[in-house]
Amino acid sequence: MVGEPSSTSAVGDTVKNGRRGSLGAKLVVKGIQGHVAYPHLARNPIHQVTPALAALAAQEWDQGNDFFPPTSFQISNINSGTGATNVIPGTAEVIFNFRFSTESTEDTLKQRTETILNAAGLEYDLEWNLSGLPFLTAKGDLVESVVDSIQAVTGIDTELSTAGGTSDGRFIAPTGTQVIELGPCNATIHQVDEKICAADLDILSSIYELILNKLMT
């Protein structure tokens, strides 16, 4: 049981019985720096990488399944240039991320990405970072105990979800353990005024206690 914020509007309205995987990368495209008035003496990495990024963004990586939405590709940072208006940059750096379902794998996403980059004729370095694999806890004793306990304490029929970012559950799931995330509301998650309602902790405590009683009797 992971207590990270999982609820949406009221404690227990949503629990996470799985999470998407997260695969990030830093792409550095190499060009030739030069003067903008002499483009034939340079090679602009921004111009070169743009079609490849458009192709990556347009890809349908998979269609998801009954438990996970389709895999998504998002560019989070693009950096290039010296700050001068008359200099063609020598490199362009792009940081991007996949949030992927169980319909895709780390290896297939890497292979498809590199195929697109190679087809664009780029000279590049690519550094990958896998921060978590997708996991799913199917319906069983744990899920049923959580759902029943939430209903008994709050009267809410909870929703099972795999949406959102990664969580500490990704470190536990590979051991083969069932993982459920049930915590306070996440309406202000990672905001400058992030907060939770203190009264929600009492509700959660009652739910947790009932879950333990159900599982141990």
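**View 1. Strands β5 and β7 pair in the antiparallel sense.** In this predicted model, eight bridges join β5 to strand β7, which spans residues 91-100.

**View 2. Four strands form an open sheet.** The strand order is β5-β7-β3-β8, and the pairing is antiparallel. At the edges stand β5 (72-80) and β8 (124-132). Each of these has a single partner strand, so one side of each is left without a neighbour in the sheet. On average, neighbouring strands are turned by 15 degrees against each other, direction ignored.

**View 3. Helix α2 packs on the sheet.** The strands touched by α2 are β3 (21-30), β7 and β8. The direction of α2 makes about 160 degrees with that of β8.

**View 4. Helix α1 packs against helix α2.** Two packed helices are described by the angle between their axes and the distance between the axes. Here α1 covers residues 45-58 and α2 covers residues 106-119. Their packing angle is about 150 degrees, and their axes are 9 Å apart. Angles over 145 degrees count as roughly antiparallel. The pair α1 and α2 is therefore roughly antiparallel. The crossing of these two helices is right-handed. From α1, the contact takes Ala52, Ala55 and Leu56. From α2, it takes Thr113, Ile116 and Leu117. By class, the contact of α1 with α2 holds five nonpolar residues, one polar residue and no charged residues.

**View 5. Helix α3 packs against helix α5.** The helices span residues 141-154 for α3 and residues 198-216 for α5. They pack at an angle of about 135 degrees, with axes 9 Å apart. The two helices are therefore oblique to each other. The crossing of α3 and α5 is right-handed. Residues of α3 in the contact include Asp141, Leu142, Ser145, Val146, Asp148 and Ser149. Also on the α3 side are Ile150, Ala152, Val153 and Thr154. They meet Ile203, Ser206, Ile207, Leu210, Ile211, Lys214 and Leu215 in α5. By class, the contact of α3 with α5 has 10 nonpolar, four polar and three charged residues.

**View 6. The protein chain is divided into two parts, domain 1 and domain 2.** Domain 1 takes in residues 14-19 + 136-216. Domain 2 runs over residues 21-132. The C-alpha centres of the two domains lie 35 Å apart. Seven residues from domain 1 and eight residues from domain 2 make the contact.

Note on methods. Residues numbered from 1 in each chain as written. Predicted model: local features only at pLDDT ≥ 70, side-chain atom pairs only at ≥ 80, totals over all residues. Heavy atoms only, no water. Axes fitted to C-alpha atoms, helices over the stretch in contact; angles between N-to-C directions. Parallel < 35°, antiparallel > 145°, perpendicular 65-115°, else oblique. Left-handed = near helix turned anticlockwise from the far one by under 90°. Contact = heavy atoms within 4.5 Å. Nonpolar A, V, L, I, M, F, W, Y, C, P; charged D, E, K, R; others polar. Pairing = 2+ DSSP bridges. Domains from an automatic or database assignment.
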